[in-house]
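Open the model in your viewer and keep the selection tool ready. Each stop below says what to select and what is there.

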Amino acid sequence: MASVSAHLGGLRARGERALVLFVTAGDQPLAQLPELIGALEEGGADLIEIGIPFSDPFGEGVTIQASSQRSLENGTTVRGVLAALKRARPMVPLVTMGYVNPVMRFGFAEYASALAEAGVGGSIIQDLVPDEADEWCSAADANGLETVFLAAPTSTASRIDEVCRRSTGFVYAVSRTGVTGAGQEAPPEVAELVGKLQQKTKLPICVGFGISKPEHVRMVCSVADGAVVGSSLVELLHQRWDGGRGTAVVIEYLRGLKAATYG
């Protein structure tokens, strides 16, 4: 399978934009994670973020916080998630997304090795800032993993420089105000942030936060290389997955989002 950056870069070279999907591992039965990944791919996913549940996911909204809590109550562990991913046969790259505390308990080198063994292509550690990430980046590089760091409209120029310098998979642009307006163009703060990042890196740039409808995807993809859909998908899965019986509903929703990446 192509690396995260190569896969997204290939889409960009063809004039396409990426649909990036986030799910919380273990919110649905962990044994069904391979089946769930298959459904996301059928719906049009170009990249899938596998959320590692954490007891204090302070960087998330209430929907993903609730899904993380449900997952932990289901008994989900990091090793359990990785074991489930080993059973998956994804056609698109997988990226784990979580927090640094569980990684430190695991050990940076051990965690990177376990991700690679599970078939993961990269990782996002939300609360690990790039200028403090030497150990993680070294471990990731040694295991063929790509790293993704986050930038927001409030990020300083020096932080944007570091995010672009240390990222190797793509750059995650966080629109903290969301993109839920009624306009036809990406919100000014999103367009401005993407523009700043494009001046500093040739990596693909994907925008997340508040994206739930085709029109949101269309707006974001007018300025960036991809749109990240998280909370709305997590809630839909919570309400309709039903052990896989709601697969068709999920796929239909995702196909509408994917169609919007074409403009």
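How many bridges pair S3 with strand S4 (residues 122-125), and in which sense, parallel or antiparallel? Four bridges join S3 and S4, in the parallel sense. Strands pair if DSSP finds at least two bridges between them. Strands (E, at least two residues) and helices (H or I, at least four) are DSSP runs, numbered from the N terminus.

Before moving on, note that this is a predicted model: local features need pLDDT of at least 70, side-chain atom pairs count only at pLDDT 80 or more, and totals for chains, interfaces and linings use all residues. Residues are numbered from 1 along each chain as its sequence is written, and side-chain values use heavy atoms, with hydrogens and water left out.

**Stop 1: strand S3**

Select residues 94-98, which make up S3. Five of the five residues are buried, so S3 is largely enclosed by the rest of the structure. Buried means under 20% relative accessible area, exposed over 50%, and partly exposed in between (1.4 Å probe, protein chains only). Leu94, Thr96 and Gly98 point one way from S3, while Val95 and Met97 point the other way. Center on Met97.

**Stop 2: the barrel**

Show the strands as a cartoon. Eight strands form a closed barrel in the order S1-S2-S3-S4-S5-S6-S7-S8, with parallel pairing. From one strand to the next, the twist averages 25 degrees. Helix H10 (residues 214-221) packs on the sheet and touches strand S1 (18-24), S7 and S8. Contact here means heavy atoms within 4.5 Å. The direction of H10 makes about 145 degrees with that of S8. Such angles run from 0 to 180 degrees between N-to-C directions, with axes fitted to C-alpha atoms, for helices over the stretch in contact.

Next, select strand S7 (residues 205-208) and strand S8 (residues 226-229): three bridges join them, and they run parallel. Cys206 stands opposite Gly226 in S8.

**Stop 3: two arginines**

Select Arg70 in helix H3 (residues 62-73). Its side chain makes a polar contact with the side chain of Asp27 at 2.8 Å. Another polar contact, of 3.4 Å, joins the side chains of Arg70 and His238. A polar contact is a pair of N or O atoms within 3.5 Å; within protein, one must be able to donate a hydrogen and the other to accept it, and residues adjacent in sequence count only if both atoms are side-chain atoms.

Move to Arg166 in helix H8 (residues 157-166). Is Arg166 buried or exposed? At 14% relative accessibility, Arg166 counts as buried. The Arg166 side chain makes a polar contact with the side chain of Asp134 (2.9 Å). It also reaches the backbone oxygen of Pro130 at 3.3 Å.

**Stop 4: aromatic rings**

Select Phe106, Phe108, Tyr111 and Trp136, which ring pairs link into a cluster. Rings of Phe, Tyr and Trp (its six-membered ring) pair if their centres lie within 6.5 Å; planes under 30 degrees apart count as stacked, over 60 as edge-to-face and the rest as tilted. Phe106 and Tyr111 are edge-to-face, 5.6 Å centre to centre with 70 degrees between the planes. Both Phe106 and Tyr111 are buried.
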